[in-house]
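Please open the model in your viewer and keep the sequence panel beside it. The tour below goes from one selection to the next and says what is to be found at each stop.

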Amino acid sequence: MLRRSLPGGLKLLVRVERRPEVTPRYSIIVSLGMLLLAFLASGLIFQLLGFSALHIYRSFFTALLSPIMLEEVFRRSAPIILASIGLCYSYRMGFWNIGAEGQLYMGMIAATGVVVLHSAGYGTGQHLLLPTVIAASMVAGGAWGLVPVILKVRFGANEIITTLMLNYTAILLADFLVHGAWKDPAGYGFAQTVQFPSTARISIPGVSDAVAYLVLAMAVTVLTLLVFKFTVFGFESKIVGLNIYASRYAGVGISSILVRGVFISGALAGLAGLIVVSGLIGRLRPGASPGYGYHAIIASMLGGLYPPAVFFSSILFGMLVTGGDLLQASLQMPKSGVEIIMAMIFLATIVAEFVKRHRLTIVVRGRGVVA
Amino acid sequence: MAEDLLERPGPSPTSIPKVEMRGIVKRFPGVVANDGVDFTIYAGEIHALLGENGAGKTTLMNILYGIYTPDAGVIRVRGVPVRLRSPRDAIRLGIGMVHQDFRLIEAHTVVENVFLNYDGLGFIPKWSALESRLEEIASNYGWRLDPRARVGDLSPGEKQQVELLKLLVRGADILLLDEPTSVLTPIETKMLFKTMRRMAEEGKSIVLITHKLSEAMSVSDRVTLMRRGKIVLSKPTKEATIEELSTAMVGAQLIGDAGLEERQSAPADGAPTLQLSALSVMGDEGVLAVKDADLTVYRGEIVGVAGVSGNGQTELVEAIAGLRKPVRGRIILNGADVTGASPRRLMELGLTYIPPEGKKWGIVPELSIYENVALRVARYAPYSRLGVINWRKVAEVAEKVVSEFRVDTASIKSRAGSLSGGNVQRLILGRELTTSKPSLLVAAYPTKGLDIAASEQVRRILSKLRSEGVGVLMLSEDLDEILELSDRIVVMYGGRIVGVVGRGEATPELLGVMMSRGVAASASA
Ligand SMILES: Nc1ncnc2c1ncn2[C@@H]1O[C@H](COP(=O)(O)OP(=O)(O)OP(=O)(O)O)[C@@H](O)[C@H]1O
Ligand SMILES: [Mg+2]
């Protein structure tokens with residue numbers, strides 16, 4: 001509680017109480033309000049740094065909404081959507097997986113591995129290449145996610161720490177491979193692998209990549225919504241997140257639900273990795289992901305783990321990532337400017353959670369009045 | 001604080017009431033929980049608040065404790081109109097509440113729990129001073145409570161004392177106790193009542209919510225009875241009779257209904273459904289809570305487990321339900337060795353289990369009532385096929401549960417957490433008993449928190465199940481209930497089964513001796 005004395009013996013009191021129930025509508029309003037605040041606060045910081053916030057935002061959004069940039073926004077949003085929808089599976093079970101980045105990297109590594117072998121003349125024919133890279137990236141991402149699950153179920157290791165550590169492991173493994181065994185011999189010494197052949201890319205004939213990715217991301221979002229609403233697995237995963245005692249009592253196989261949920265989570269991050277290497281940059285190289293897996297964490301939280309909302313908050317992050325390059329190019333502002341916005345959104349999401357669950361009242365209290 | 005009131009011992013209606021609630025209205029979506037309630041508390045009185053499940057008792061007390069704000073009505077404390085916006089306001093005015101379920105941190109010590117969130121603690125608490133302060137208060141009431149004991153190690157009676165200490169150190173002199181006796185054994189209840197009398201003599205006022213009329217009659221100065229959100233009766237206890245109260249409470253509907261009279265004797269040739277041999281179970285503190293228990297439950301009988309709580313009963317039933325792995329011994333269910341089997345396997349083999357702490361184990365408060373029913377059935381046809389849930393079917397059975405067990409709720413879409421204490425228990429019982437066909441029912445405190453009519457109904461269901469050939473193992477703090485229903489009574493003491501008493505031989509006195517001293521009596525298993 002916060003107390004301030006005002007002149008005249010009045011007291012200003014800010015009280016915080018738990019709110020018994022949160023309606024979905026209220027929750028959306030709070031999230032949007034906080035989002036707005038995040039942009040205002042970032043604007044303030046830009047202003048203090050000597051930039052015109054209004055100018056930045058205006059050129060930022062007008063540029064992003066132009067057809068060409070919009071296409072780029074959607075391309076970049078795709079991996080974030082896939083990873084953040086994946087994280088919904090983890091988070092609804094109360095499994096605090098912050099390892100989407102690592103799982104995404106494992107997806108990239110596995111897909112690249114298949115392509116490297118393929119270019120060396122091993123493995124499948126052209127027509128099987130795409131299914132193979134999809135399967136490889138998803139299995140690799142999923143399996144990477146399972147490591148912390150096993151550590152948790154077996155030894156009680158905290159998943160926040162293990163998933164974070166495994167991110168670095170995966171990123172360093174990718175570095176190791178592109179600098180070494182998988183370095184493209186015809187790449188003029190650059191640390192990068194061979195180019196992905198077009199047969200290893202997800203595409204829909206007749207439409208652009210951006211549309212194809214968006215369709216895929218939408219399909220995953222809708223499917224996830226249906227899984228959450230109508231399947232036994234979706235229901236039980238929610239129970240596991242809400243009340244572990246009741247889950248045990250009701251005979252929910254907690255470990256098996258955890259394994260399945262986190263595997264799906266990691267597999268979708270792995271698929272996101274495939275889109276990055278096969279579509280966005282065409283090959284694996286160090287720093288291939290600018291942190292899509294981390295953006296996905298904030299996006300899934302901001303969307304309240306509700307797939308359609310997560311879909312849109314991921315697109316917002318796609319805009320920010322794309323806009324970062326824009327800031328640098330046209331406004332002479334460092335790219336990291338958008339990171340201020342992202343950080344603000346992250347803070348706003350945390351504050352929003354608090355605001356949703358609590359009621360703030362401000363009371364001015366006179367002398368001698370019993371409240 | 002109104003010192004003059006503290007000096008005047010005993011209730012005296014002429015003095016300014018400690019608390020006056022006038023015309024209190026509280027609505028929740030679909031229900032009026034309090035509908036123009038007038039409620040008065042005088043200094044030095046024990047005021048029993050009675051009423052069926054969902055009558056609005058807890059809501060009324062939550063309003064006085066600042067948890068809910070009333071939609072209409074005024075509250076005066078010591079004559080001064082007040083607005084209570086949070087428990088903090090209530091505590092400042094000397095009002096304290098002990099909830100239906102304990103709100104203690106089991107891993108912390110008594111002193112840590114008591115002074116948690118305490119205003120005058122300072123940056124670095126002086127624990128030793130605080131400890132001696134606790135000891136002083138505790139000894140004043142004749143409690144033997146070690147301030148440094150871990151709360152998880154305490155018996156329910158002692159936990160209650162910790163809850164009371166929390167209020168006392170904050171200077172509460174209006175104490176609201178919501179069903180404090182529902183978890184206590186008769187002896188612990190007696191202790192609590194002695195404490196309450198003592199407090200009343202000091203001028204404190206106590207509101208006691210209970211479903212046991214005999215308790216209200218024996219300890220209170222005044223009784224108030226609620227029904228459907230309204231006060232239907234309020235008078236000095238001296239002028240009230242049990243008959244009058246029970247009629248007013250349940251209407252004429254159930255009293256004298258001889259459902260239990262026509263009990264069939266147990267089928268003599270029942271096959272065993274549950275066999276425990278030399279079962280040992282670890283408790284939470286890493287010491288054996290159940291030691292070498294041997295027990296057989298036959299189909300068509302009710303076996304009651306009696307014992308002072310904390311003597312291994314909970315751990316015993318948790319082991320049978322698959323929620324605790326035994327360290328030694330075997331559990332056989334309908335001929336299959338199920339030692340260490342998962343709850344799901346046990347369920348599928350014919351076990352139905354009513355957990356002791358319904359709010360913690362039995363429901364997910366955040367979810368709706370029908371989702372809580374799904375908790376038990378979602379995996380099975382016809383409620384799901386190929387992993388896809390048929391929510392219509394779930395809703396149908398949820399409606400059935402709600403109507404047959406008279407769960408008082410606006411709709412099956414309401415959150416289970418919004419149900420009153422007794423209605424949570426009805427939901428759990430209803431779900432378990434409508435959606436399963438058990439051969440063994442393990443019921444821990446099945447009538448806990450239920451009003452008279454609902455307890456009757458549950459007891460009747462238990463004897464009906466028995467006559468249908470179900471084996472029933474029942475825990476209860478209520479000796480009368482155990483004596484009334486059980487064909488055999490098992491007494492536990494110090495984690496051991498110290499005796500099995502047949503229906504004819506059991507008396508409250510005999511059981512009392514066995515429960516408190518662990519003396520083995522004649523075994524008739
Ligand atoms: N937070 C809430 N939201 C919605 N409805 C509520 C809420 N709290 C209580 N109710 C409803 O108000 C009514 C009164 O509930 P209350 O808990 O006061 O009953 P009670 O008399 O304490 O019953 P019990 O003996 O079962 O504990 C019930 O119908 C209950 O469902
Ligand atoms: Mg209640």
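## A loop in chain B

Begin by selecting Pro382(B), which is found in the loop between helix 13 (369-377) and strand 17 (384-385) of chain B; helices (H or I, at least four residues) and strands (E, at least two) are DSSP runs, numbered from the N terminus. This is a predicted model, in which local features need pLDDT of at least 70 and side-chain atom pairs count only at pLDDT 80 or more, while totals for chains, interfaces and linings use all residues. Residues are numbered from 1 along each chain as its sequence is written, chains are lettered from A and ligands numbered from 1 in the order in which they are written, and side-chain values use heavy atoms, with hydrogens and water left out.

Then select Asn390(B), in the loop between strand 18 (388-389) and helix 14 (391-404) of chain B. Leaving aside residues up to four places away in sequence, Asn390(B) touches Pro382(B), Tyr383(B) and Ser384(B), where contact means heavy atoms within 4.5 Å. A distance drawn between the C-alpha atoms of Asn390(B) and Ala378(B), which are 12 residues apart along the chain, comes to 8.4 Å. Asn390(B) is partly exposed, with a relative accessible area of 29%; buried means under 20% relative accessible area, exposed over 50%, and partly exposed in between (1.4 Å probe, protein chains only).

## Two positive phi values in chain B

Select Arg228(B) next, in the loop between strand 9 (222-227) and strand 10 (230-236) of chain B. Although Arg228(B) is not a glycine, its phi is positive, at about 45°, and with a relative accessible area of 67% this residue is exposed.

Now go to Tyr445(B), in the loop between strand 19 (440-444) and helix 16 (452-467) of chain B. Tyr445(B) is likewise a residue other than glycine with a positive phi, near 45°. Is Tyr445(B) buried or exposed? Tyr445(B) is buried, with a relative accessible area of 13%.

Move to chain A and colour helix 11, where nine of the 11 residues are buried, so that the helix is mostly covered. Among the buried residues are Tyr292(A), Gly293(A), His295(A) and Ile298(A). The cover over the buried residues of helix 11 of chain A includes helix 1 (24-48), helix 3, helix 4 (100-119), helix 10 (254-280), helix 12 (307-331) and helix 13 of chain A.

Show helix 13 (residues 337-357) of chain A beside helix 11 (residues 292-302) of chain A: their axes come within 10 Å and cross at roughly 40°. Axes are lines fitted to C-alpha atoms, for helices over the stretch in contact, and angles run from 0 to 180 degrees between N-to-C directions. That angle makes helix 11 of chain A oblique to helix 13 of chain A, since angles under 35 degrees count as roughly parallel, over 145 as roughly antiparallel, 65 to 115 as roughly perpendicular and the rest as oblique. To see the contact, display His295(A), Ile298(A), Met301(A) and Leu302(A) of helix 11 of chain A together with Met342(A), Ile345(A), Phe346(A) and Thr349(A) of helix 13 of chain A.

Turn next to helix 4 of chain A, whose axis comes within 7 Å of that of helix 11 of chain A, the two crossing at roughly 135°. Helix 4 of chain A and helix 11 of chain A are therefore oblique to each other. Their contact is made by Ala100(A), Glu101(A) and Leu104(A) of helix 4 of chain A and Tyr292(A), Gly293(A) and Tyr294(A) of helix 11 of chain A.

## Aromatic rings

Finally, display the aromatic side chains; 15 aromatic pairs are found over all chains. Rings of Phe, Tyr and Trp (its six-membered ring) pair if their centres lie within 6.5 Å, and planes under 30 degrees apart count as stacked, over 60 as edge-to-face and the rest as tilted. The rings of Tyr57(A) and Phe61(A) have centres 6.5 Å apart and planes at 40°, so this pair is tilted. Ring pairs link Phe39(A), Phe46(A), Tyr57(A), Phe60(A) and Phe61(A) into a cluster.
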